[in-house]
Amino acid sequence: GTVDWPSFSGFRRYHAECHVCHGPDGEGSTYAPALKVSAVDMDYYDFVDVVVNGRARVGAADNSVMPAFGDNANVMCYLDDIYVNLRARGVEAIPRGRPPKKEAKSDVIREDENACMG
């Protein structure tokens with residue numbers, strides 16, 4: 001029941017920025033796809049590219065726009081954490097919902113976070 005800090009952080013950041021479109025816990029919605037599936041099926045670098053640069057799919061069968069988050073520090077400083085959390089959800093290594101227990105944030109993670117967020 002205890003998750004590592006990046007998985008917990010990814011849960012928090014996902015729910016701060018991504019769940020509005022992609023649904024709770026990466027489950028997807030009628031508006032946007034399930035990111036827990038994308039994190040498993042998509043290459044990590046492709047995932048990063050879509051988050052940083054956005055994506056538009058417009059056609060007869062598909063009409064969706066993913067905005068670019070490359071300038072959003074609340075996403076970019078935690079992008080690896082978001083990916084870790086979504087991938088863990090996708091392979092069912094962690095259940096839905098807020099993890100009940102988490103490891104403590106290490107000094108290294110705290111320093112990296114402070115450096116990125118400014």
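In the predicted model, the largest pocket has a volume of about 580 Å³. Its lining comprises 27 residues, of which His22, Pro33, Leu35, Val50 and Met66 lie closest to the centre of the pocket. By residue class, the lining of the largest pocket divides into 19 nonpolar, four charged and four polar residues.

Both helices and strands contribute to this lining. At least two lining residues come from each of helices H2 (19–22), H3 (35–41), H4 (44–53) and H6 (79–90), and likewise from each of strands S2 (55–58) and S3 (63–66). The most is given by S3, which supplies four residues to the lining of the largest pocket.

The interior packing was examined next. In soluble globular proteins, nonpolar side chains tend to be buried together. The largest nonpolar core in the model holds 13 residues, and the members that touch the most others are Tyr14, Phe47, Val51, Val75, Leu79 and Leu86. Helices H3, H4 and H6 are the elements that each provide two or more residues to this core. The largest share comes from H6, with four residues.

Val51, one of the core members that touch the most others, is in contact with Met66, Pro67, Ala68, Phe69, Gly70, Val75 and Leu79 when neighbours within four places in sequence are left aside. Among these contacts, Val75 and Leu79 are also listed with the core members that touch the most others.

How values were computed. Residues numbered from 1 in each chain as written. Predicted model: local features only at pLDDT ≥ 70, side-chain atom pairs only at ≥ 80, totals over all residues. Heavy atoms only, no water. 1 Å grid on protein atoms, 1.4 Å probe; cavity = no way out; pocket = protein on both sides within 12 Å on 5 of 7 lines; lining within 4 Å. Points joined across faces, edges and corners; volume = space filled by probe spheres on them. Nonpolar A, V, L, I, M, F, W, Y, C, P; charged D, E, K, R; others polar. Core = buried A, V, L, I, M, F, W, Y, C linked by side-chain atoms within 4.5 Å. Buried < 20%, exposed > 50% of the residue type's maximum accessible area, 1.4 Å probe, protein only. Contact = heavy atoms within 4.5 Å.
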